[in-house]
There are 2 protein chains.
Amino acid sequence: MRVYLAGPEVFLADRDAIAAAKKAICAEHGMIGVFPTDPAPEAPQADTDWMRIYLGNEAHIHGCDALIANLTPFRGVSADPGTAYELGFMRALGRPVLGYSNVAGNFTMRSLAALRGAVHRRASGAWEDADGMEVEDFGLTDNLMLDGGIAAAGGALVVNPVAEAARWRDLGGFTRCVAHLAGMKK
Amino acid sequence: MRVYLAGPEVFLADRDAIAAAKKAICAEHGMIGVFPTDPAPEAPQADTDWMRIYLGNEAHIHGCDALIANLTPFRGVSADPGTAYELGFMRALGRPVLGYSNVAGNFTMRSLAALRGAVHRRASGAWEDADGMEVEDFGLTDNLMLDGGIAAAGGALVVNPVAEAARWRDLGGFTRCVAHLAGMKK
């Protein structure tokens, strides 16, 4: 089983070390981890670097049997949008998707904290921000589409809070996802 | 042609009026707009409200022939993560995806502004934030996976800056997407 390793670690200078560590954990369960920056299965035909990266990632996802997403909030209250995109992409292919977050709290709590009190209650009781936008209040890990896709796929969404300085490199939540995926295969 | 109308307008109190306005624009081009809060094609079987919403949206996307995403930055520098998820989902189904943003500037500029100077240059010249995370610097509208998916699908990504107070309701960018989609059908 090939597993696409989605997440914003691609932005770290030591991403190769993290890719290697994730692949080693996959290998312990007889799986092959595929990192976004691995050479693409076929050379993407594109005029720009970013389009080559895009097409390479798309080809990687098509070539994998499952996806594990690092949904740790990235520069805000939600997962990296590229990771959210890839999660939806793989779910649409009907293959298992799983996710983990290394930060405590839920999407509602994080959203209200980020809005710093600039909210009020609608007559319905729902929270609304200064733009008149409702604050999703289902107590989920992230936007309901992300939680929902994982639940619909029978995947796991592991919340594994760690020290802030460790949140981009701790692989405890990832390891639990790999173990869950191994159990799904049976 | 049925078009899924993805975007964070679902969080507005007057979302029904926006849904009606978008559907009217679709109708002018002979298309049927499908809003996330429309009744689901089949009653989703789920124990929770959020899972019913998720499964309803998934069914809507499967039942549509194309998707137009409102990618206007939502409470941060990027599109709403649920919208990003849905964009990836529809792209994986191989159907046309398009998007628009009512805010000027590109992802790099917005990211650097949000980081408020807490960045430095790597030896490579790339910007890196205080967490050691690179700032994507392709001059795109959002994370490269979002721009890439639309480009790969032959869709349009329309940036149509409007006054800040109008950014959740202006439909100029949306209208241009519908016109582009109408041209793709030919």
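Analyst: Let me begin with contact, which means heavy atoms within 4.5 Å. By that criterion, 52 residues of chain B are in contact with 52 residues of chain A. This is a predicted model, in which local features need pLDDT of at least 70 and side-chain atom pairs count only at pLDDT 80 or more, while totals for chains, interfaces and linings use all residues. Residues are numbered from 1 along each chain as its sequence is written, chains are lettered from A and ligands numbered from 1 in the order in which they are written, and side-chain values use heavy atoms, with hydrogens and water left out.

User: What area is buried between chain B and chain A?

Analyst: About 4,300 Å² is buried between the two chains, and carbon and sulfur atoms give 69% of that area. Buried area here is the accessible area (1.4 Å probe) that two parts lose on being put together, summed over both.

User: And how many salt bridges are there between chain B and chain A?

Analyst: The count between these chains is 6 salt bridges. A salt bridge is a side-chain nitrogen of Lys or Arg within 4 Å of a carboxyl oxygen of Asp or Glu. One of the pairs is Asp129(A) with Arg75(B), whose closest N and O atoms are 2.9 Å apart.

User: Which elements give two or more residues to the side of chain B that touches chain A?

Analyst: They are helix H2 (49-62), helix H3 (81-92), helix H4 (107-115), strand S6 (127-129) and helix H5 (144-152) of chain B. Helices (H or I, at least four residues) and strands (E, at least two) are DSSP runs, numbered from the N terminus. H3(B) gives the largest share of that side, 10 residues. By class, the side has 28 nonpolar, 9 polar and 15 charged residues. Ala, Val, Leu, Ile, Met, Phe, Trp, Tyr, Cys and Pro count as nonpolar, Asp, Glu, Lys and Arg as charged, and the others, Gly among them, as polar.

User: Back to the charges. How many salt bridges are found over all chains?

Analyst: A search of the whole structure finds 19. In one of them, the side chains of Glu58(A) and Arg91(B) meet at 2.7 Å, N to O. Glu58(A) lies in helix H2 (residues 49-62) of chain A and Arg91(B) in helix H3 of chain B, so the pair joins two chains.

User: Is Glu58(A) buried or exposed?

Analyst: Glu58(A) is buried, with a relative accessible area of 10%, and Arg91(B) also counts as buried at 15%. Buried means under 20% relative accessible area, exposed over 50%, and partly exposed in between (1.4 Å probe, protein chains only).

User: What does Asp38(B) pair with?

Analyst: Asp38(B) forms a salt bridge with Lys23(B), the closest N and O atoms being 2.8 Å apart. The pair links distant parts of the chain, 15 residues apart: Asp38(B) is in the loop between strand S2 (32-34) and H2 of chain B, and Lys23(B) is in helix H1 (residues 15-28) of chain B. Lys23(B) counts as partly exposed at 27% relative accessibility.

User: What about Arg167(B)?

Analyst: Arg167(B) forms a salt bridge with Glu164(B), with the closest N and O atoms 3.9 Å apart. Arg167(B) counts as buried at 12% relative accessibility, whereas Glu164(B) is exposed at 60%.

User: New topic: how many of the residues of H3(A) are buried?

Analyst: 12 of the 12 residues of H3(A) are buried, so the helix is largely enclosed by the rest of the structure. Helix H3 (residues 81-92) of chain A reaches 17 Å from its first C-alpha to its last, close to the 16 Å expected at 1.5 Å a residue. That expected span is 1.5 Å times one less than the number of residues. H3(A) is followed by Gly94(A), whose phi is positive, near 80 degrees.

User: Which residues of H6(A) are buried?

Analyst: They are Gly173(A), Phe174(A), Cys177(A), Val178(A), Leu181(A) and Ala182(A). The buried residues of H6(A) pack against several elements of chain A, including strand S1 (2-6) and helix H1 (15-28).
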